[in-house]
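Work through the exercises below with the sequence and the structure at hand. Each task is followed by a solution that goes step by step.

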Amino acid sequence: PTSAQVSVVPQPGRFRYTLDNNVLTAEQRQFYEDNGYLLIKKLVSDEDIERFRKEFVRICKKEVKVPGAMIMKNEAKRSQYGQSEEVVNKVQDFQEDEELFRYCTLPEVLRYVECFTGPNIMAMHTMLINKLPDSDKQTFLHPMHQDLHYFPFRPADLIVCSWTAMERADQDNGCLVVQPGTHKEPLKPHDYPQWEGKTNKLFHGLIDQDEKSPKVHLVMEKGDTVFFHPLLIHGSGINKTSGFRKSISCHFASSECYYIDVKNTTQEHLEKELVEMAYKRYNATSVELKDIWNFRARLVQGERINL
């Protein structure tokens, strides 16, 4: 199978995107079916969020070194601050940091994740995002995109993102923006947006963006968590405030998902970019996309089958 074909998991009855259990109400399942996302209020406790925030600050100050993590910085401010909370805008692949990885194992989060993936759950892609103040250059604007563009595994319906606001997220500080219902569309071609000097590494966006498609700004309070399908078109605006907008997220997948070959698909150029980055980073001579993902993936519940 190629990324052009999104495998469908046959579901008896009217629900294709959620599994039968007693966690979601019929209304919640129908909402996700129609829209491709579901917002759960106050799911993660203030205490847990405070622990994640403290660990992020420790990582920023280099008090903790996380094996394999990618610490992304605003290069423009690096000379001013060294490495601090004012500079680090993302910690990606934190699966080897036991404190941050706790997020992926929280029973209250996994309870919902299982509704989409089933019982055998892998954490595939982890991020703590610290959206920095950004009024003029729009450096941290994330163009509208589909997360499946980054993933060489299928079926799409057994993948879900859990995204938790670590403080209030609204239009002023760059909350998530979604296009409801777009999870029913195929994976579309992505590339770097044609913005002058404003693109972040690997912040790919849709090449043909339908500006008329209705958008919803997901205003969220601290601890609110949104679960969304990897084909849902979404992005985030700029942070027009003087504070930071933090969120923590994980893409979960059923361990029964399988890797696909992305050659001759819309994802091929992304594979080249990731493999080149791995060569430079690890001085590796031969790395495949599957190897990179095997390194990132970590079992959180059940049995590790394919991924």
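A charge sits over a ring if NZ of Lys or CZ of Arg is within 6 Å of the ring centre and within 35 degrees of the ring normal. The model used here is a predicted one.

**Exercise 1. Find which arginines have their charged end over a ring, and name the ring in each case.**

Solution. Begin with R111, whose charged end sits over the ring of Y112 at 5.6 Å from the ring centre. Then turn to R298, whose charged end sits over the ring of F101, 4.0 Å from its centre.

**Exercise 2. Describe the chain as a whole: its secondary structure, its burial and its surface.**

Solution. Start with the secondary structure of the chain, which comes to 7 helices and 16 strands. Next take burial: the chain has 307 residues, and 57% of them count as buried. The chain exposes about 13700 Å², and 50% of this area is supplied by carbon and sulfur atoms. Finally, consider the contacts between residues at least 6 apart in sequence, of which 82% join residues at least 24 apart.

**Exercise 3. Locate the largest nonpolar core and state which elements supply it.**

Solution. The largest nonpolar core has 39 residues, and Y103, C104, V109, F227 and F252 are those with the most contacts inside it. At least two residues of this core come from each of β1 (37-40), α2 (46-60), β3 (88-92), α4 (98-105), α5 (107-117), β4 (121-131) and β14 (245-254). The largest share, 6 residues, is that of α5. To see one member in its surroundings, take V109, which touches L43, V44, Y103, S162, F227 and F252 when residues up to four places away in sequence are not counted. Another core, of 26 residues, lies apart from this one and includes A156, L158, L274 and I292.

**Exercise 4. Classify two aromatic pairs, F31 with Y37 and F52 with Y103, and say whether each ring is buried or partly exposed.**

Solution. A search of the whole structure finds 9 aromatic pairs. In one of them, the rings of F31 and Y37 have centres 5.3 Å apart and planes at 90°, so this pair is edge-to-face. F31 counts as partly exposed because its relative accessibility is 34%, whereas Y37, at 7%, counts as buried. The rings of F52 and Y103 have centres 6.0 Å apart and planes at 85°, so this pair is edge-to-face. Because F52 lies in helix α2 and Y103 in helix α4, the pair ties together parts that are 51 residues apart in sequence. F52 is buried, at 0% relative accessibility, and Y103 is buried, at 0% relative accessibility. Rings can also be grouped, and Y32, Y112, F116 and F227 form one aromatic cluster.

**Exercise 5. Which residues of helix α1 are buried, and what do they pack against?**

Solution. Helix α1 covers residues 26-35, and its buried residues are R29, Y32, E33 and N35. These buried residues pack against β1, α5, β7 (159-165) and β12 (225-228). After α1 comes G36, which has a positive phi, near 85°.

**Exercise 6. How many disulfides does the structure hold, and why is C104 in none?**

Solution. The structure holds 0 disulfides. The cysteine sulfur nearest to that of C104 belongs to C250 and is 3.7 Å away, and because a disulfide needs sulfur atoms within 2.5 Å, C104 is in no disulfide. C104 is buried, at 0% relative accessibility, and C60 is buried with a relative accessible area of 1%.

Key:
Residues are numbered from 1 along each chain as its sequence is written. This is a predicted model: local features need pLDDT of at least 70, side-chain atom pairs count only at pLDDT 80 or more; totals for chains, interfaces and linings use all residues. Side-chain values use heavy atoms; hydrogens and water are left out. A nonpolar core is a set of buried Ala, Val, Leu, Ile, Met, Phe, Trp, Tyr and Cys residues joined through side-chain atoms within 4.5 Å. Buried means under 20% relative accessible area, exposed over 50%, partly exposed in between (1.4 Å probe, protein chains only). Helices (H or I, at least four residues) and strands (E, at least two) are DSSP runs, numbered from the N terminus. Contact means heavy atoms within 4.5 Å. Accessible areas come from the Shrake-Rupley method with a 1.4 Å probe; for residues, only the protein chains shown count as cover. Rings of Phe, Tyr and Trp (its six-membered ring) pair if their centres lie within 6.5 Å; planes under 30 degrees apart count as stacked, over 60 as edge-to-face and the rest as tilted.
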